Amino acid sequence: MPAMVRRKTVTALLALSLSLAVSACGAQNASQNAAGPAAEGQAPAGTEASTAPEASTAPSKSDEPLVVYLNDFDEIIQPMFEQATGYKLELVSGNGAELASRIEAEKGNPHWDVVWMDSMPLIDQLGKTGRLLEGWTPADIGNLTDFASGLVPANGTYYPTGAHAAAVIAYNTKAFTKDTAPKTWADLADAKFKNALGMADPAVAAPAYPFVSYFFQSQGMDAAKGYFDSLFKNGMHVYPKNPNVAKALTGGEIKAAALQESNAYALKNKGEPVDIIWPAEGAPASVRVAAIQKETKHLEAAKAFVEFLLDPATQQALIDKGEESYFEPSAKGVNAKADRAGDAKLVLAEAAWAGEHEGEIKQWFADKAVK
Amino acid sequence: MLAVLFVLILLPLLAVVIQVLFPGIFFGTLKTGDLSLLLDIFRRPLWYASLKNSVLLGLGTTVLATLLGGALAFARSRWAFPTARLLDISVWLLLITPSFILAQGWVMFAAPDGLAAQRLGWDGASALVFQPAGLIAVMTLSKFPLAYLTVKAALQWRVERLSDAARLSGASPWTVLRTVELPLLLPAIASGAMLVFMDTVGDFGLPASIAAVFRFPTLPYSIYSALYTSPIRFDMAGALSFYLVLLIALAMSVQLYAMRKSRFDFLSSRAVESQPRRPARGGSLLALANSAFLAIAIGIPLGSNLLMSLQGDSAGGGFTLDHYRALFQGDSRLAQGLAHSLEIALTAAAIGLVVGFLTAYVLTYTSFRLKKTIDVLSLVSLAVPGIVLGIGYIFIWNQAWLQHIGLLLYGTPWILALGGVAGAIPVITRIMAGAMAQVPERLLAAAQLQGAGFFSRLRTVLAPLVKGALLSAGLTAFGSSVFDLALSSVLYPPNYMTLPVVINKAFEDLRFGYASAATLTGAGLVVLIILSVDLLARGTRRRSRRTTS
């Protein structure tokens, strides 16, 4: 009977899919129970404590990994830190919004021990609302550069590990020469560059906020609004994120852009027809800072991690081997990338000010962009 | 059933919406939120534009994609023609490829400096694509697979004598199609249309990527921008999500109204499994039209990605396989991510199939009072952006007390599986409900009279009759959850990256070639899995027929 055979087929299929499901779950369980340090075993090591209640009552601290939320350097930091200190490290990497969403949603029961991101205003706000470890000073604090030590907040909730330009002027060498390209931020409003410029959307791209907030603090709200209005009138293209700006720039859709530093250098190093101008008045900076979660259960490891990041040898390694390697180190005795302009000048809005006005400024941009 | 849907979909969503009313309720503080946020949609230019754009894009795409998908499904199950199999493969490919990758392909093709302008010398492409109608067209070409699969699943059985009777009464083939065959397909067509609508209004990837060239903010886009703000605005994301849910509810009411009082359970013992027939003439024409269509729908977005994945890193460099080599050299992140994603998708599809099958059963055969609620619920997770649902999942599954009962799922791979199930349920339920609408209840009642228990009725009567849909549903759910980016990017446990997270990261690091290569490799593998399962199932079916004849 066809129906009979057919029935069997479906039953078999259902059974198959179910058994696959069970085995998939089984595989997860098995790996959750595996405590080995093998690559696959690492993932569930963190889950072990949360799924098995008895494990959390008497944790042997050295076995539990330190959980770090970060938005860059996830490709190299784990082995570097583990080899240097013997602590185990687990990472959650994502963009600024994803990590901020997680941190905020986890508020009642945080899963992270250290956050290390180039979002200083955000982390400053976390510190102000009492969610970060306060008053701790890393051992080698004296070795911070003047620029970096000026950024450490009074309550000692976070420490800068480096800073990069949230935007430099990048131009397509097929369209402009060093002399004809825009050289200052004010040039972007020049009618010469009508419809030829692009930038990332501060409402979506994480590094674009430090860029615009600098103008809002240094010029005042109204003057800055006037400045950006003049850019929009000049036909400024606003792209969701820096990679989109980069593509538009190499594609020729725009001829110059306010582009995040490492994106700009990445294009140049790939041999794209792109060159970079550091405006003499300074490039607004995005500062990468590290902060420890107040309730962390792994305080020693967390402190070791922050101190490790402030170590000149670590910063040198990040510059030499990392993907986001174009930045100004926060420790003395570290050499920035050789091809990074020697006269690179960074300027920035105060973290506290930028944090307080973030909602207002971003909303202004978001609504502006519609028109 | 209601409870399962509730826990999986509604609870997390509710959590986000409750945030609007009582910010801080999950962290021990109770204060009333600002309800005027809900009205802000008419005050804030961005929000208002987003709502308008979402509705426009949703409606336009729904109409076009349903027509397109329905017509293709009809042609595919009626006629056998060369390249027909290619259509099936393409549909799967489109369905599982993350929408930001498809969009990226379109952007690469049609941007002012894109492939169309540079290699084909066609400068008009940009103006054609980057306008509202162009976006709807692109969306249509990306979302029609949902309508195609739903309608095709419903075409598995044919009751020929209905059409024959009409023909005998002198109706032309066109009249038969219009007055007999199409109306009987109405539930499936409506299901397909709903899926398309949900998936379109909830899509973030496409509008976001296209926004690189053309600004067209939609609700998901504004939701993201609320989350990109610090202090983060969960309340705004919740308020905007509320409007997305409202859109779904409206669309569902329209559907219910359109289908009121009609019966569609036409299957009887005379039903035969439809077999595509070779058309008397025009077979090669069909093949030609099909190929031309696929060249656009698949060729442009995936072809652009293919080109990108083969292009050397240095500008103007020749073709190279470096990016593919890079996938499996160096760190094993991609391989691991792929393994994680497959594991999660398999679990999600299997659990989702059981839940979705039962949900569709409840919707089709019971007079359960909360049926409509279930109906809406089963669709919600498709329209609400994954990141919102993800945040809801954290609220719900990360409460400290859960640890004591071992259910602190956040931070374990289980939370991803759970999210995957939520994502799979709408598709599975719709496809199943479309197929079940044709199976009359009396077939089940007859079995019951013979003493067949509930599960044996499902197993021996219902499941065999809808097995094509079961297969489609399971495979669709599997395929699309492999690439579920938004949800996994906020939920993945430490050191447990999934494939889309790895791909998206490569994209954000400007490694476009690597991202494209990883996508194509991942999608190719998944399609291979899907096709082999599909073929396996078909193979056994065909063999069974041979043994009995």
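This is a predicted model: local features need pLDDT of at least 70, side-chain atom pairs count only at pLDDT 80 or more; totals for chains, interfaces and linings use all residues.
## A helix in chain B

Helix α11 of chain B is mostly covered, since 13 of its 16 residues are buried.

## Chain A as a whole

Chain A contains 14 helices and 12 strands. It has 371 residues, and 59% of them count as buried. The chain exposes about 13,800 Å², of which carbon and sulfur atoms supply 55%.

How many of the contacts in chain A between residues at least 6 apart in sequence join residues at least 24 apart? The share is 71%.

## An open sheet of five strands

One part of chain A is an open sheet of 5 strands. Their order is β7-β6-β8-β5-β9, and the pairing is mixed. Strands β7 (237-239) and β9 (274-277) of chain A stand at the edges with a single partner strand each, so one side of each has no neighbour in the sheet. On average, neighbouring strands of this sheet are turned by 25° against each other, direction ignored.

Strands of a sheet pair through backbone hydrogen bonds, and the pairing is either parallel or antiparallel.

## Strand β5 and its two neighbours

Strand β5(A) runs antiparallel to β8(A), and 4 bridges join the two. Here A:Ile169 stands opposite A:Ala258 of β8(A).

Is β5(A) mostly covered or mostly exposed? It is mostly covered: 5 of its 5 residues are buried. A:Val168, A:Ala170 and A:Asn172 lie on one side of the strand, A:Ile169 and A:Tyr171 lie on the other, and all are buried, which leaves both faces covered. Strand β9(A) also has both faces covered. Its buried residues are A:Val274 and A:Ile276 on one side, with A:Asp275 and A:Ile277 on the other.

## The helix across the sheet

Helix α11 (residues 261-269) of chain A lies across β5 (168-172), β8 and β9 of chain A. The helix runs at about 140° to β9(A).

A:Ser262 has its place in this helix, α11 of chain A. Why does A:Ser262 count as buried? Its relative accessibility is 7%, and the cut-off for buried is under 20%. Leaving out residues up to four places away in sequence, A:Ser262 touches A:Glu324 and A:Tyr326.

## Aromatic pairs

Over all chains, the structure holds 30 aromatic pairs. One of them is formed by A:Trp185 and A:Phe215. Their rings are 6.1 Å apart, centre to centre, with 90° between the planes, and the pair is edge-to-face. The pair links distant parts of the chain, 30 residues apart: A:Trp185 is in the loop between β5 and β6 of chain A, and A:Phe215 is in helix α8 (residues 208-219) of chain A. Both A:Trp185 and A:Phe215 are buried.

Chain B has an aromatic pair made by B:Phe454 and B:Phe455. The ring centres are 5.0 Å apart and the planes stand at 75°, so this pair is edge-to-face; planes over 60 degrees apart count as such. B:Phe454 is partly exposed, with a relative accessible area of 31%, while B:Phe455 is exposed, with a relative accessible area of 60%. The cut-off for exposed is over 50%.

## An aromatic cluster

A:Trp185 and A:Phe215 also belong to one aromatic cluster in chain A.

How values were computed
Residues are numbered from 1 along each chain as its sequence is written. Chains are lettered from A and ligands numbered from 1 in the order in which they are written. Side-chain values use heavy atoms; hydrogens and water are left out. Two strands pair if DSSP finds at least two bridges between them. Axes are lines fitted to C-alpha atoms, for helices over the stretch in contact, and angles run from 0 to 180 degrees between N-to-C directions. Contact means heavy atoms within 4.5 Å. Buried means under 20% relative accessible area, exposed over 50%, partly exposed in between (1.4 Å probe, protein chains only). Accessible areas come from the Shrake-Rupley method with a 1.4 Å probe; for residues, only the protein chains shown count as cover. Rings of Phe, Tyr and Trp (its six-membered ring) pair if their centres lie within 6.5 Å; planes under 30 degrees apart count as stacked, over 60 as edge-to-face and the rest as tilted.
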